[in-house]
Amino acid sequence: MTPLFRLLIALVLALFLTSVLIGPAAVGTLASLKALILGGDGPLPIVMRQIRLPRAMLGLAVGAGLGLTGAAMQGYLRNPLAEPGLIGVSGMAALGAVIAIQTGAALAFALALPVAALTGAAVGIGLLVLLAGPRGGSVTLILAGVAISAMAGAGTALVLNLSPNPYAANEIIFWLMGSLADRSLVHVALALPPLILGAALIATTARGLDALTLGEAAAQALGIDGTALRWRLIAGVALIVGPATAVAGAIGFVGLVVPHLLRPWVGARPSRLLPASALGGAALLLVADIAVRVIVPERDLKLGVLTAIVGAPLFLHLIWKTRSGGRI
Amino acid sequence: MLELQELCVTRRNRPVLTDVSLGIRPGEFIGLIGPNGAGKSTLMEAAHGLIPATGRSSLAMMAAPARARHAAYLPQAKEIAWPVSVRDLVSLGRLPWPGGGGTAADRDAIDHAIARMGLGEFAHRTAQRLSGGEQARVLIARALAQDTPLLLADEPIAGLDPAQQLATMRLFSALAQEGRGVIASIHDLGLAARFCTRLVLLSQGRIIADGPPDHILRDDLMSRAFGITLRRVQTPDGLAILPV
């Protein structure tokens, strides 16, 4: 294992622990850890195990998923500006969640929101398969993704437009900003299996993504089945992005920025970038989720807002560098 | 090594390759010549099974990993998508082999390909930052690392300076002499005549002539395929061919 991977693993573990130990309840580190591991009576074990632990677990899993899918999408499309939201599945998941809030289902039944978001994601995948077809290339995939994202955006705008009162609209807008606050172990149980399955699928694309460095024809001539690679990649990204959006809302820029930041450190080879980006994404989202609790604890700063505030300037920097490199 | 029988490719109901039958034996360096749009690239893609075709290609019928261990393919577009090192790029040639690049045999093949293309001093540099000619050498090294009996190269000397063109043709000729088969599409008829053991002339998707270079570079065939005639000048270094 290279020093970079050891460093990233240590960083993620340290941030995970920090995330578990940070919260509005001022409790000592030792007491917190004791309550987390040993349990006991009183409110502290409940706070640790049912509020902070799921939050840290989701920060790690969603961040890793976004980093991994960002690296996979960039590798597949051979474009450093690609990101996991590109195939439209996160937009459809958000639409599903927004409908659940609008109809009141989210209030009536706690899991209605993530389940509706997963349903939205599944509809998004269905549309993608229909539009991108069995034989289309990467351009068809991008165009289909753009179309689905646009439809999901229009649907979300319509729901907001028709919302019965400003409170419902407000709730929708806040949900869309993305957050890991007040998530339970049920959310973890809902998101983790598809996330792991998606990550396993994406891991199988590593060789194909490496070969694609030489272009689609050369990759095919190296024995890579382009169609199978594409479906594994789409399924993997969808299985990660759908559940991630369902439990955490729309969190942008992690999947875009993390692969870009780590690419020089792993020698740019896509197969090495995949695990590095997963670790980097987990670290970044854990940092962001710690930051929203530390910077203005009284104002409920949304996670997606913070990642966008940090990510957008990095994105500008990336465009600036790419432009001066003559690639745009 | 490769048998094509009545290979046909149609695009949008228009035939782009018609009834191409061709075989290559070890030791042959076949130059595919013909005007732009004659079907040279299509022939190689169809032979490798990269595009759908009717007829029969012994290579396209093989399973994907076996096919990639039998024939390396250098596409016309010299694409390097990421700033990977020369060594990493060359190592992609080992993907079809068991181990995929990590075994001692893989490392030997990679070292050998890098040394053969004279890339030793570039091995740890970023391939994208090299000159066009150096990048072309890196991509050929990638194909050599694949260690296949057959090499299909689509316009391998296009865009290279004269020294690099000569070096590449010499390399392909040497590969053939080692017992491999090489098929390359080439526009420089003079270089093709000097180095290829056999020329295949394509026009409008059909093979119109196939044989030793001096049988193919005839005025009637050249005028039919390209609308040109050739001047032949005997020089101390061999036959020089001047299209007029």
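These questions and answers concern the cavities of a predicted model. As a predicted model, it is held to pLDDT of at least 70 for local features and 80 or more for side-chain atom pairs, while totals for chains, interfaces and linings use all residues. Residues are numbered from 1 along each chain as its sequence is written, chains are lettered from A and ligands numbered from 1 in the order in which they are written, and side-chain values use heavy atoms, without hydrogens and water.

User: What is the volume of the largest cavity?
Analyst: A cavity is a set of points, on a 1 Å grid over the protein atoms alone, where a 1.4 Å probe fits but cannot get out. Points are joined across faces, edges and corners, and a volume is the space filled by probe spheres set on them. The structure holds 2 cavities of 30 Å³ or more, and the volume of the largest is about 130 Å³.

User: Which residues lie nearest the centre of the largest cavity?
Analyst: Lining residues have an atom within 4 Å of a point, and this cavity has 14 of them. Nearest its centre lie Leu74(B), Pro75(B), Ala77(B), Lys78(B) and Leu139(B).

User: How do the residues lining the second largest cavity divide?
Analyst: This cavity, of about 30 Å³, is lined by residues including Asp210(A), Arg269(A), Val84(B) and Asp88(B). Ala, Val, Leu, Ile, Met, Phe, Trp, Tyr, Cys and Pro count as nonpolar, Asp, Glu, Lys and Arg as charged, and the others, Gly among them, as polar. The lining divides into 4 nonpolar, 1 polar and 3 charged.

Key: 1 Å grid on protein atoms, 1.4 Å probe; cavity = no way out; pocket = protein on both sides within 12 Å on 5 of 7 lines; lining within 4 Å.
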